[in-house]
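Hi,

Here is the structure I promised to pass on. Please open it alongside this email; my notes follow below.

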Amino acid sequence: MHVLVTGGAGYIGSHTLIELMAEGHDVCVLDNYANATPEVLTRVRTLSNGQIADYRGDVRDAAILDQIMQDFAPDAVVHFAGLKAVSESQQKPLTYYDVNVGGTLALLHAMDRAGCGRIIFSSSATVYGEPDYLPYDEAHPTRPASVYGRTKLMAEQVLTDWAGADPGRSAVILRYFNPVGAHGSARIGEDPQDIPNNLMPYIAQVAVGRRPALTIFGDDYDTPDGTGQRDYIHVVDLARAHVAALDYAGRTPGVRPFNIGTGQSYSVIDMVRAFERACGQTIPTRQAPRRAGDIAAMQADPARAQAELGWRAQHDLDAMTASTWAWQSANPHGYDAG
Ligand code: NAD
Ligand code: UFG
């Protein structure tokens with residue numbers, strides 16, 4: 001199948017390219033490198049020993065989208081391109097709506113013009129917001145607490161209406177929990193451009209000596225050790241969920257959301273201890289108050305993805321931390337070191 005991957009040079013997109021190519025799909029990338037470097041695709045090509053057509057441009061740009069539709073004629077699109085920093089979204093709401101919702105609209109318009117009716121969309125567990133119950137199933141109410149989460153929910157609504165308007169269309173919405181880890185080659189991984197917002201890349205940068213200590217945000221949550229709990233999922237498992245979703249979209253019209261998590265959750269302290277096992281060092285920590293907007297715990301019920309996509313996570317916590325450490329220790333400055 002010809003698969004257009006928007007945001008394919010990013011963290012999740014790059015791992016997904018490898019899994020798509022391993023399954024024999026032809027891939028094409030559109031990325032504006034707002035949060036990535038072309039070096040990523042160089043490495044993915046080497047790892048996959050294959051071709052990747054790539055276009056540098058913005059997902060909101062109708063002209064480049066039409067060009068790709070004409071040159072590559074995708075059968076399906078996997079749509080990762082977007083902005084993802086929760087705190088930045090509160091400061092720059094219009095930018096986030098523009099890129100995340102406007103980008104999705106521009107892409108769907110271009111797909112319509114080209115007669116492409118299949119899309120896999122990167123959504124987020126943050127669409128659920130404060131839990132009424134855990135684990136979240138897909139029927140849990142959606143009331144996101146951040147601008148970022150609202151842009152994802154709004155894009156989901158656009159996709160739902162788009163898919164509902166024509167029986168030839170299919171939209172699969174993947175609600176990711178907390179992606180971590182890196183490819184087994186240690187050649188690609190997560191490389192935040194600035195101070196990491198997220199726990200795992202922060203711990204990894206402490207371990208390689210780029211930062212003095214991890215700040216633990218909050219030790220007074222209603223959780224067994226008082227720190228926040230999340231459902232961390234290995235990025236290679238997440239990437240494989242996209243391959244399963246493409247198969248599903250090929251046989252199922254309409255729209256369907258899926259939780260993509262493991263169904264297990266770990267606290268901040270659990271993650272620090274697991275990383276210490278992986279890297280053989282102590283990770284210095286300091287305690288700070290809760291981070292604004294954080295909730296105590298999140299956990300996926302992945303039963304629907306197992307039953308309908310035939311997908312389940314294979315990697316455990318030690319595989320997540322070991323692969324993160326392998327990537328970060330081999331590339332202490334990420335892709336900058338070349
Ligand atoms: P990432 O920033 O590494 O990847 C996003 C890619 O999109 C980058 O390569 C960036 O350069 C590109 N991009 C950004 N704006 C663009 C634009 N206007 N036009 C073209 N390309 C553009 O992020 P990621 O972690 O790989 O996330 C991928 C998707 O998954 C995003 O939509 C994100 O919101 C979603 N998601 C991520 C997480 C997470 O924790 N990483 C969780 C839930 C959902
Ligand atoms: N945390 C720290 N110190 C840090 C960073 C994080 O203690 O330096 C804690 C947080 O307070 C939270 C846990 O680690 O308890 C996980 O935080 P992350 O920032 O890694 O992840 P979040 O759950 O806050 O959010 C992430 C992405 C969102 C995505 C969501 C999906 O940032 O984009 O996962 O569940 F939508």
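**Ligand 1**

A polar side-chain atom of Asp31 sits 2.6 Å from an oxygen atom of ligand 1. Bear in mind that this is a predicted model.

A backbone N or O atom of Gly10 is 3.1 Å from an oxygen atom of ligand 1. For Val59, a backbone N or O atom lies 3.0 Å from a nitrogen atom of the ligand. On its own, ligand 1 has 820 Å² of accessible area, and the protein covers 95% of that.

Which elements give two or more residues to the shell around ligand 1? They are α1, β5 (118–124) and α6 (147–164). β5 supplies the largest share, three residues.

The shell around ligand 1 holds 26 residues. Ile12, Asp31, Asn35, Phe80 and Tyr148 come nearest. By class, there are 13 nonpolar, nine polar and four charged residues.

**Ligand 2**

Asn178 has a side-chain N or O atom 2.8 Å from an oxygen atom of ligand 2. The side chain of Asn198 also places an N or O atom 2.8 Å from a ligand oxygen. For Arg291, the distance from a side-chain N or O atom to an oxygen atom of ligand 2 is 2.8 Å. The protein covers 91% of the 680 Å² of accessible area that ligand 2 has on its own.

Around ligand 2 there are 22 residues. The closest are Ser124, Asn198, Thr215, Arg230 and Asp294. Strand β8 (residues 214–217) gives the most to this shell, with four residues. The classes here are 11 nonpolar, seven polar and four charged.

**Helix α2**

One more item, away from the ligand lists. Which residues of α2 (residues 39–48) are buried? They are Val40, Leu41, Arg43 and Val44.

What do they pack against? The partners of the buried α2 residues are α1 (11–22), β2 (26–31), β3 (52–56) and α11 (317–330). α1 is also one of the elements that give two or more residues to the ligand 1 shell.

After α2 comes Asn49. The phi of Asn49 is positive, near 50 degrees.

Best wishes

Notes. Residues numbered from 1 in each chain as written. Chains lettered and ligands numbered in written order. Predicted model: local features only at pLDDT ≥ 70, side-chain atom pairs only at ≥ 80, totals over all residues. Heavy atoms only, no water. Buried < 20%, exposed > 50% of the residue type's maximum accessible area, 1.4 Å probe, protein only. Contact = heavy atoms within 4.5 Å. Near = heavy atom within 4 Å. Polar contact = N/O pair within 3.5 Å; in protein donor to acceptor, adjacent residues only side chain to side chain. Areas by Shrake-Rupley, 256 points an atom, 1.4 Å probe, with all protein chains shown as cover. Nonpolar A, V, L, I, M, F, W, Y, C, P; charged D, E, K, R; others polar.
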